[in-house]
Amino acid sequence: MPDPVPTRAPLRIDAADLRLVRLPLVTPFTISTGTMTEKVFPLLTLRADGIDGYAEGVMDPLPDYLEETVAGAMDLLRNVLLPQVLGRSFAHPQELARALTPWRANYMARATVEMAFWDLWAKSLNLPLQTVLGGAGDVIDVGVSLGIGPIPDTLDRVARHLEQGYKRIKLKVKPGHDLALLEAVRRDFPTAHLTVDANSCYTLADTALLQGMDAFDLDYIEQPLAWDDIHDHATLQQRLKTPICLDECIRSVEHARKALQTDAARVINIKVGRSGGFANALRIHDLAEAFSVPVWCGGMLESGIGRAHNIHLSTMPNFRKPGDTSSASRYFTRDIIAERLETTDGRMPVPKGPGIGVSLDLDYLKTATLSQETLTP
Ligand code: OSB
Ligand code: MG
């Protein structure tokens, strides 16, 4: 049993800073739904007792990964979620998470508030976030997610990342860019730990094509079918040898339960920022473990703030596969945090200060900030 985590007096949320931040990406990132050239996200600071807790929202500007949007989340944060917690005291982050449960969906917006409070909470106890969550360890294993591009170029990128020691290569696929890509990559890298991610671009009508992927010794196929269709994934899994990993479909504990009970997911990608926050992510983690289903930590091209949250979560025991939290320098020429989150041999060190263990680079953040507002009770 892990040591019991200390408690403390309830923390009153005194103020919130809500920023909209834009960071250019080092290289465009293409998935089946489109191409991203920049990362635009809400950055939230919650303040209590003179301590700041941080989190970023993982929603995209357009509802093309899931249904939430940056503009919608900014509005909800400003007008509903933050007014609901400002001036209130919470005895534990789980209590704040419960206060947000009456709202339907909007998991990413709710996670932004919840995750900032976990950071604040852990800092107030002077403990790393991982300790408060129940995780342990100094490093996590990570792989990379490689966007869609010409096959020769992808082969170069696979080689480069394997040389850097990344523990798993995830290839983004879409119709017309799937089996030929896998043939080429498998030919050149016969023993590489390979997976694919379709971001919901196939249907059951593509079953034969997806069965063709069974020949390439993939660890799993991530989210082949519709973003909200657990049922069809269960049907597909009956027809595939390769395990299905769900990403988009798992936004709540109930989604995870249904997927696990119907054998629609033999692996789960947990993204804390997509799942309403750590309270839900931890429950999904435990539920998957009860079904002997391994989980791993996905990413949404986060800045160092979201990346640090992901790293701490990844130290929980059922994170048995390499995650997507690779070096920040793969995404950004300069990050909005002072620390450098970089891997060595496919391992990312856990930032060990209190809370998420990283701090804002306020000078650079200023140049990357599109808007900023302070909210008080
Ligand atoms: O499906 O996991 C995904 C990025 C943006 C939107 C969805 C996804 C991704 C990634 C990249 O795969 C993960 C990362 O490197 O942060
Ligand atoms: Mg995915």
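Reader: Which strands form the open sheet, and in what order?
Author: In this predicted model, four strands make up the open sheet, ordered E4-E3-E2-E15. The pairing is antiparallel.

Reader: Which strands stand at the edges?
Author: Strand E4 (51-56) and strand E15 (369-375). Each has a single partner strand, so one side of each lacks a neighbour in the sheet.

Reader: And the twist from one strand to the next?
Author: The average is 25°.

Reader: How many bridges join E2 to E3?
Author: 13, and the two strands run antiparallel. Ala-15, for one, has Arg-47 in E3 as its bridge partner. A hairpin through two residues links E2 to E3.

Reader: How many bridges for E3 and E4?
Author: Six, in the antiparallel sense. Leu-46 has Gly-53 in E4 as its bridge partner. These strands also form a hairpin, with two residues between them.

Reader: Which residue in that turn has a positive phi?
Author: Asp-49, with phi about 55°.

Reader: What about E2 and E15, how many bridges there?
Author: Six bridges join strand E2 (residues 15-31) to E15, again antiparallel. Arg-19 has its bridge partner in E15 at Gln-372.

Reader: Which strands does helix H1 touch?
Author: H1 (residues 70-85) packs on the sheet and touches E2, strand E3 (34-48) and E15. The directions of H1 and E2 make about 165°.

Reader: And H3, which strands does that helix touch?
Author: Helix H3 (residues 107-124) packs on the sheet against E3 and E4. Its direction makes about 145° with that of E4.

Reader: At what angle do the axes of H1 and H3 cross?
Author: Roughly 45°, and the axes come within 10 Å. That angle makes H1 oblique to H3. The crossing is right-handed.

Reader: Which residues make the contact?
Author: From H1, Ala-73, Leu-76, Leu-77, Leu-81, Leu-82 and Val-85. From H3, Ala-109, Arg-110, Thr-112 and Val-113.

Reader: Switching to the magnesium ion (ligand 2). What are its protein donors?
Author: Asp-197 (OD), Glu-222 (OE) and Asp-247 (OD), lying 2.1 to 2.3 Å from the ion. Their spacing in sequence is D-x24-E-x24-D.

Reader: Where do Asp-197 and Asp-247 lie?
Author: Asp-197 is in strand E9 (residues 194-197). Asp-247 is in the loop between strand E11 (244-246) and helix H9 (253-261). The pair therefore ties together parts 50 residues apart in sequence.

Reader: Are Asp-197 and Asp-247 buried or exposed?
Author: Both Asp-197 and Asp-247 are buried.

Notes: Residues are numbered from 1 along each chain as its sequence is written. Chains are lettered from A and ligands numbered from 1 in the order in which they are written. This is a predicted model: local features need pLDDT of at least 70, side-chain atom pairs count only at pLDDT 80 or more; totals for chains, interfaces and linings use all residues. Side-chain values use heavy atoms; hydrogens and water are left out. Two strands pair if DSSP finds at least two bridges between them. Axes are lines fitted to C-alpha atoms, for helices over the stretch in contact, and angles run from 0 to 180 degrees between N-to-C directions. Contact means heavy atoms within 4.5 Å. Donors are N, O and S atoms within 2.8 Å of the metal (3.2 Å for Na, K and Ca); water is not among the atoms, so sites may look incomplete. Buried means under 20% relative accessible area, exposed over 50%, partly exposed in between (1.4 Å probe, protein chains only). Angles under 35 degrees count as roughly parallel, over 145 as roughly antiparallel, 65 to 115 as roughly perpendicular and the rest as oblique. A crossing is left-handed if the near helix is turned anticlockwise from the far one by less than a right angle, and right-handed if clockwise.
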